[in-house]
Amino acid sequence: MTGDRRTGDAPAQRAARGAAGRSWSRYGDARTAVVRDVLRALTAAMAAELGRPQLDIIDAGGGTGGFAVPLAALGHHVTVIDPSPDSLAAAERRAAEMNVRITMVQGDAADLAAVAGEQSADLVLCHSVLEYVDSPVDAMAQIASVLRPGGAVSVLAGRFDDARRLLAGLSTGSSQPAGTGAGPGMPRTRWFTIAGVVSLIEGAGLRAGGAHGVRVFADLVPGMFADADPGAADALLALEQAASAHPAFGDIATQFHIVGYR
């Protein structure tokens with residue numbers, strides 16, 4: 001599934017509200033709101049600095065479009081690059097439901113420059129990708145090569161495997177080598193510290209910004225409960241936003257988010 005596959009051309013205001021009858025999960029909002037808020041502010045600042053309202057954004061390994069579609073709803077040109085045809089099809093359906101246009105291209109983060117072209121993007125999303133690529137160093141170098149001067153990369157990295165293995169070790173008295181792991185039938189994964197991601201960003205010739213925790217409390221609350229009670233969902237959302245910048249919660253967050261700048 002390689003090529004330009006686009007959906008409707010409705011105004012961004014309508015897209016931001018969503019298609020009739022389509023509502024996003026408030027629990028899902030709590031899990032992603034912190035990163036979305038950062039991206040909303042980042043894209044607004046970049047657009048003002050570059051002097052053009054529409055940015056060219058690449059979502060590398062963007063999957064089903066969970067971040068790509070909201071950014072497209074803000075009026076940006078967003079390309080999702082993912083190796084999975086099924087994920088791209090799901091992204092296309094999500095974009096259609098939200099009445100926005102995005103471009104879907106089948107490809108891999110390891111070949112990003114060949115797929116997208118050098119200096120073709122103002123912003124690259126690299127969300128939950130570094131855990132799975134063969135070489136995080138090469139993947140970040142590819143990202144840096146497609147960024148234009150003044151561009152940025154948004155990195156979302158997970159530590160859930162690390163936390164799970166730590167808990168397992170505490171309960172069984174055993175330990176496993178840190179750094180990589182995979183369950184039966186699952187792809188080999190790795191996990192990162194903030195310092196490790198900063199090293200990758202700086203090693204690619206970029207400047208790392210500050211990091212903040214993501215999904216500090218949201219993963220502890222059943223989605224059914226949060227979605228059934230709007231008050232609880234709003235409270236969870238506010239709690240996540242407050243906790244994300246607090247250093248005391250950074251080490252227990254499921255993920256962390258950091259932006260690198262060219």
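## Salt bridges in this model

The predicted structure holds 4 salt bridges. A salt bridge here is a side-chain nitrogen of Lys or Arg within 4 Å of a carboxyl oxygen of Asp or Glu. Side chains of opposite charge can pair when their charged atoms come close.

This is a predicted model, in which local features need pLDDT of at least 70, side-chain atom pairs count only at pLDDT 80 or more, and totals for chains, interfaces and linings use all residues. Residues are numbered from 1 along each chain as its sequence is written, and side-chain values use heavy atoms, with hydrogens and water left out.

Let's start with Asp 37 and Arg 40, whose side chains meet in a salt bridge at 2.9 Å, N to O. Both residues lie in helix α2 (residues 26–50), 3 residues apart, which is about one turn of the helix. Helices (H or I, at least four residues) and strands (E, at least two) are DSSP runs, numbered from the N terminus.

Buried means under 20% relative accessible area, exposed over 50%, and partly exposed in between (1.4 Å probe, protein chains only).

Now look at Asp 122, which is buried, with a relative accessible area of 3%. Arg 52 forms a salt bridge with Asp 122, and their closest N and O atoms are 2.6 Å apart. This pair links distant parts of the chain: Arg 52 sits in the loop between α2 and β1 (56–60), while Asp 122 is in strand β4 (residues 121–127), 70 residues apart. Arg 52 is partly exposed, at 29%.

Asp 122 also meets the side chain of Arg 148 in a salt bridge (3.3 Å, N to O). Arg 148 belongs to strand β5 (residues 147–158), 26 residues apart from Asp 122. Arg 148 is partly exposed, with a relative accessible area of 21%. Together, Arg 52, Asp 56, Asp 122 and Arg 148 are linked in a network of salt bridges.

## How confident is the prediction?

The predictor's confidence in each residue is its pLDDT, from 0 to 100. The mean for the protein chain is 75, and 60% of its residues reach 70 or more. Among the elements of the chain, β1 has the highest mean pLDDT (98) and helix α1 (residues 12–17) the lowest (32).

Over residues 1–28 the pLDDT is below 50, and it stays under 50 over residues 169–187. Where pLDDT is low, the predicted coordinates should not be read in detail.

Note on methods: Contact = heavy atoms within 4.5 Å.
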